[in-house]
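Thank you all for making time this morning.

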Amino acid sequence: MTSLLTALDLPIVGAPMAGGISTPLLAAAVSDAGGLGMLAAGYRTPEQLAADLVHTRDLTQRPFGVNLFIPRPPARARHEAAVSDFRDRLIPEAQALGVAPGHPSWGDTDHWADKVLLVETLRPAVVSCTFGVPPAHVVGRWRAAGIEVHVTVTSLAEARDALAVQPDVLVLQGHEAGAHRATHDPEAEPEVIDHLGLLEVVAPEVDVPLVAAGGITTAGDVRRALDAGAAAVQVGTALLLATEAGTSQTHRAALRDPSLTERVTTRAFTGRTAGAVRNAFVDRHEGHVPPAFPVVDQLTKPLRRAAADAGDVHGIHIWAGSGWRAAQERPAGEIVRELAG
Ligand SMILES: Cc1cc2nc3c(=O)[nH]c(=O)nc-3n(C[C@H](O)[C@H](O)[C@H](O)COP(=O)(O)O)c2cc1C
């Protein structure tokens, strides 16, 4: 099968990074450099997402994509008591920051149906999905609109499930990845397999192009992934310090902080397993957090925002992949060109 990935000047996808990091400026810069820029729809309202898509189209003539979270609301009956306990646990530190923990909102809070329609209408070149497999009828609608569909997987079993909807591309996310693991079952412990390991087990089973993601921050990493059969790589952490990225000043400072030396995978911030640099928030809360995404995200968000505003690197999620020390503060186009070698 072919994909627009094969027509790119550079085999680099700029990872969608939710939470304000993947700005239209960043996506356009990656696309203009010859890679594929991506917007992140997660947490955005439909109005914000529409504005992002229109803005990016104004900034670049090149193809770009958008990434959607597959909704999988946690079972309220099973998690409500633990969520309430965790909220209580957050109250003292929230008070110290002058805020209150957020309130849980059960159900689909990410406007899935509106976003499906928005993508179909505004027709970016690519839509990618994380946290699950989009339903076949949705894939059919996007395809009919001329949009290429990418699905992220973290294991061979998830790759097999995704093939049922005939995606154009599979994105293989290894455990070295920054921020949330794309694991389809949010309560399962993600497999500890890197992107090269995933390429090795998935490639023999599929005939769709594969994108490798997780820990890719140097030209050598890119070359090894392409040599192992990837059609392209997807890089997030390598772009966290890019000039055009919306990464907060506190997050930027934390990535450069020599006293923060360890990376962990943790549910502490959102209830979903994610790759982050270890800080005091992780140490305080790891092991006390129910696997209830995005409800836990809603509880902790006011605290993380206040900590970011205060410049407190120990109160924010320092999302980072394993190669975070190699991230560079430069224009995204330069980063992408250097990665491509
Ligand atoms: C800050 C941040 C936010 C991310 N947000 C998303 C997202 O919204 N959707 C998604 O599919 N992947 C997201 N990812 C994961 C990337 O798509 C990709 O798998 C990951 O960045 C690859 O590992 P690396 O960070 O080591 O390059 C995010 C990654 C980071 C670092």
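What area is buried between domain 1 and domain 2, and what percentage of that area do carbon and sulfur atoms give? Before I answer, please keep in mind that this is a predicted model, in which local features need pLDDT of at least 70 and side-chain atom pairs count only at pLDDT 80 or more, while totals for chains, interfaces and linings use all residues. Residues are numbered from 1 along each chain as its sequence is written, and side-chain values use heavy atoms, with hydrogens and water left out.

The area buried between domain 1 and domain 2 is about 1500 Å², and carbon and sulfur atoms give 45% of it; buried area here is the accessible area, taken with a 1.4 Å probe, that two parts lose on being put together, summed over both. On the domain 1 side, T109, H180 and E187 lose the most area to domain 2, together 34% of what that side buries.

As for the bounds, which come from an automatic or database domain assignment, domain 1 covers 4-73 + 108-247 + 325-340, and domain 2 covers 78-107 + 261-317. The contact, meaning heavy atoms within 4.5 Å, takes 23 residues from domain 1 and 19 residues from domain 2. Taken over C-alpha atoms, the centres of domain 1 and domain 2 are separated by 25 Å.

Between domain 1 and domain 2 there are 2 salt bridges, each defined as a side-chain nitrogen of Lys or Arg within 4 Å of a carboxyl oxygen of Asp or Glu. Elsewhere in my notes I have the side chains of E189 and R267, which meet in a salt bridge at 3.1 Å, N to O.

Let me turn to a sheet. Helices (H or I, at least four residues) and strands (E, at least two) are DSSP runs, numbered from the N terminus, and two strands pair if DSSP finds at least two bridges between them. On that basis, 3 strands form an open sheet in the order β7-β11-β10, with antiparallel pairing; the edge strands, each pairing on one side only, are β7 (179-180) and β10 (263-266).

Strand β11 (residues 274-277) pairs with β7 in the antiparallel sense over 2 bridges, where A179 has G275 as its bridge partner and H180 has A274. Towards β10, 4 bridges join the antiparallel pair β10 and β11, and V264 has A276 as its bridge partner in β11.

In a regular strand the side chains alternate between the two faces of the sheet. In β11, A274 and A276 point one way and G275 and V277 the other way, and all are buried, where buried means under 20% relative accessible area, exposed over 50%, and partly exposed in between (1.4 Å probe, protein chains only).

Finally, the two single residues. T152, in strand β5 (residues 148-153), counts as buried because its relative accessibility is 7%; not counting residues up to four places away in sequence, T152 touches C129, T130, V171, Q173, A182 and H184.

Q234 is found in strand β9 (residues 232-235) and is buried, with a relative accessible area of 13%. Leaving aside neighbours within four places in sequence, the contacts of Q234 include V13, A15, P16 and V171.
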